[in-house]
Amino acid sequence: MLDDLVTKLADTPWSIALHESLYMYAITESTHVMSIMLFVGTIAMVDLRLLGISYTKVPVSQMLSGILPWTIAGFVLLAVTGAMLFLAIPIRTYHSIWFRLKILMILIAAINIAVFTFKVERDKAAWDLGPVPRKSKICAVISLSAWACVIVFGRLIAYNWFDCDSITSPTMAELTGCPLDPG
Amino acid sequence: MSLYHTAQNIEASALGQTIRESTWLFPAIESTHLLALALLGGAILIMSLSILGWGLKTPVAETYKSAHRYFNGAVLVLIITGVLLGISEPVKLYGRQAFWVKMISLAIALIVTYFAFNPLVRRGASGGTVRGVTVLTMVAWLMVAMAGRWIGFS
């Protein structure tokens, strides 16, 4: 089903236009990288506060209300440019093991954010300026690790080590959804 | 010896060859470069947004105490990994406009950060000058990032 969808996407005029444009692809990719500074940069600063190792004089509540709106703005920029990059090269990206791992890491980070928002930060008034509880530190470590992986895996999508035409193991064929080449 | 010859010599060096010929080395250094870029962005933005009145209410001189450490660490990692990336393909870089745009933006960004932004923030200055310097600092670093990615396309 997803296979059909990416094949259809690849045939749309938008996909072809993005793929063949001299400047649009480069502008989109560069904006995507620049937005990392805004998104991962700000979320990392919040995480370092939640770890209790930096910005300890800034109340946790202020860190969340003052910085997170910028993090969300960064995410929107990344999601839009990311969707455009996917649209430009849908089939290859869909089968990329790095792209799949990147999406997995984003899902882990999203679950972590949900846990933080609905469970961990609810009693933050009690530790707004005091020592941060263990649950906050755990969320911060998961967030920092997951987003770091998202950056690294995202960068590796550009490399063709595991493209469909070079897959020979059944496990990798399974993981990438590529047809197994008997040669 | 011309700059182009220097680039050719660096490209032929053992270190340049090692990075170029390895499958994993270039991507690994590149990824570290990107991680440090994210850290640098966070450190500069957490201070800049507060100065512009869109971020934290805590005095910026206080935020600076934590942020400037991450900033310095990120700059150090970016320069080391950046030099390593450059050593592996200096002849290509020599001919790319985006590389020179990046180097000029980088020089401006470093000078503005260390000689104007940091001293002003450290002593908690406020007013139009600080805001102007802040905008210039942010724009310069964003240019560095954007031109950096563009090297791969030009």
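Among contacts in chain B between residues at least 6 apart in sequence, what percentage join residues at least 24 apart? In this predicted model, the figure is 79%.

Chain B contains seven helices and zero strands. Along the principal axes, the C-alpha atoms of the chain occupy a box of roughly 50 × 30 × 25 Å. Of the 154 residues in chain B, 40% are buried.

Two packed helices are described by the angle between their axes and the distance between the axes. In chain B, helix H3 spans residues 25-51 and helix H7 spans residues 128-150. These two helices pack at an angle of about 160°, and their axes lie 10 Å apart. Because angles over 145 degrees count as roughly antiparallel, H3(B) is described as roughly antiparallel to H7(B). The crossing of H3(B) past H7(B) is left-handed.

The residues that form this contact can be located on each helix in turn. H3(B) contributes Leu37(B), Leu40(B), Ile44(B), Ser48(B) and Ile51(B). From H7(B) come Val130(B), Arg131(B), Thr134(B), Thr137(B), Met138(B), Trp141(B) and Ala145(B).

Conventions:
Residues are numbered from 1 along each chain as its sequence is written. Chains are lettered from A and ligands numbered from 1 in the order in which they are written. This is a predicted model: local features need pLDDT of at least 70, side-chain atom pairs count only at pLDDT 80 or more; totals for chains, interfaces and linings use all residues. Helices (H or I, at least four residues) and strands (E, at least two) are DSSP runs, numbered from the N terminus. A residue is buried if 20 or more other C-beta atoms lie within 10 Å of its own, exposed if 12 or fewer, and partly exposed in between; C-beta atoms are placed from the backbone. Two residues are in contact if their C-beta atoms, placed from the backbone, lie within 7 Å. Axes are lines fitted to C-alpha atoms, for helices over the stretch in contact, and angles run from 0 to 180 degrees between N-to-C directions. Angles under 35 degrees count as roughly parallel, over 145 as roughly antiparallel, 65 to 115 as roughly perpendicular and the rest as oblique. A crossing is left-handed if the near helix is turned anticlockwise from the far one by less than a right angle, and right-handed if clockwise.
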